[in-house]
Amino acid sequence: RGTTRFHKTVHFFLMRPVGGSVDDHDAEFDEARWVEEHEALALLSHATERSVLEEALAALAEATEAGV
């Protein structure tokens, strides 16, 4: 990696699982698994990723309260 910086755009999506297996992930990822919210926050290495997850968790909590 060195000092080369890559600029990219990342899109995040909030979805509900409808089936399948986390074992069927593509080769870009070493591992895919379900974890509890607190573990997910601890695993994320970038503050922006943690922020996105925190916003998603808040949106899910609001939807749950609204009965959606």
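The chain has a radius of gyration of 15 Å, whereas a compact globule of 68 residues would have one near 11 Å. This is a predicted model. The chain holds two helices and zero strands.

**Overall shape and surface**

- Along the principal axes, the C-alpha atoms fill a box of roughly 50 × 25 × 20 Å.
- Buried residues account for 4% of the 68 residues.
- The chain exposes about 6800 Å².

**Charges**

- The chain carries 6 positive and 14 negative charges.
- The mean positions of these positive and negative charges lie 9 Å apart.

**The salt bridges**

- Glutamate 31 and arginine 33 meet through their side chains in a salt bridge, at 3.1 Å from N to O.
- Arginine 33 also forms a salt bridge with glutamate 39, where the closest N and O atoms are 3.2 Å apart.
- Both pairs qualify because a salt bridge needs a side-chain nitrogen of Lys or Arg within 4 Å of a carboxyl oxygen of Asp or Glu.
- Glutamate 39 has a relative accessible area of 30%, so this residue is partly exposed.
- Shared partners join Glu31, Arg33 and Glu39 into one network of salt bridges.
- Glutamate 31 has 53% relative accessibility, so this residue counts as exposed.
- Arginine 33 has 42% relative accessibility, so this residue counts as partly exposed.
- The cut-offs matter here: exposed means over 50% relative accessible area, and buried means under 20%.

**Helix α1 and leucine 41**

- Helix α1 covers residues 37-43, and leucine 41 lies in this helix.
- Leucine 41 is partly exposed because its relative accessible area is 23%.
- Leaving out residues up to four places away in sequence, leucine 41 touches Arg50, Leu53, Glu54 and Leu57.
- Leucine 41 and glutamate 54 stand 13 residues apart in sequence.
- In space, the C-alpha atoms of leucine 41 and glutamate 54 are 8.1 Å apart.

**Helix α2 and arginine 50**

- Helix α2 covers residues 47-65, and arginine 50 lies in this helix.
- Arginine 50 has 29% relative accessibility, so this residue counts as partly exposed.
- Leaving out residues up to four places away in sequence, arginine 50 touches Leu41, Leu44 and Ser45.
- Arginine 50 and alanine 40 are 10 residues apart in sequence, with 8.4 Å between their C-alpha atoms.

**Linking the two helices**

- Leucine 41 belongs to helix α1, and arginine 50 belongs to helix α2.
- Arg50 is among the residues that leucine 41 touches.

Methods. Residues are numbered from 1 along each chain as its sequence is written. This is a predicted model: local features need pLDDT of at least 70, side-chain atom pairs count only at pLDDT 80 or more; totals for chains, interfaces and linings use all residues. Side-chain values use heavy atoms; hydrogens and water are left out. Helices (H or I, at least four residues) and strands (E, at least two) are DSSP runs, numbered from the N terminus. The radius of gyration is taken over C-alpha atoms; the globule rule is 2.2 Å times the number of residues to the power 0.38. Buried means under 20% relative accessible area, exposed over 50%, partly exposed in between (1.4 Å probe, protein chains only). Accessible areas come from the Shrake-Rupley method with a 1.4 Å probe; for residues, only the protein chains shown count as cover. Lys and Arg count as positive and Asp and Glu as negative; His and the chain ends are not counted. The place of a charge is taken as NZ of Lys, CZ of Arg, CG of Asp or CD of Glu. Contact means heavy atoms within 4.5 Å.
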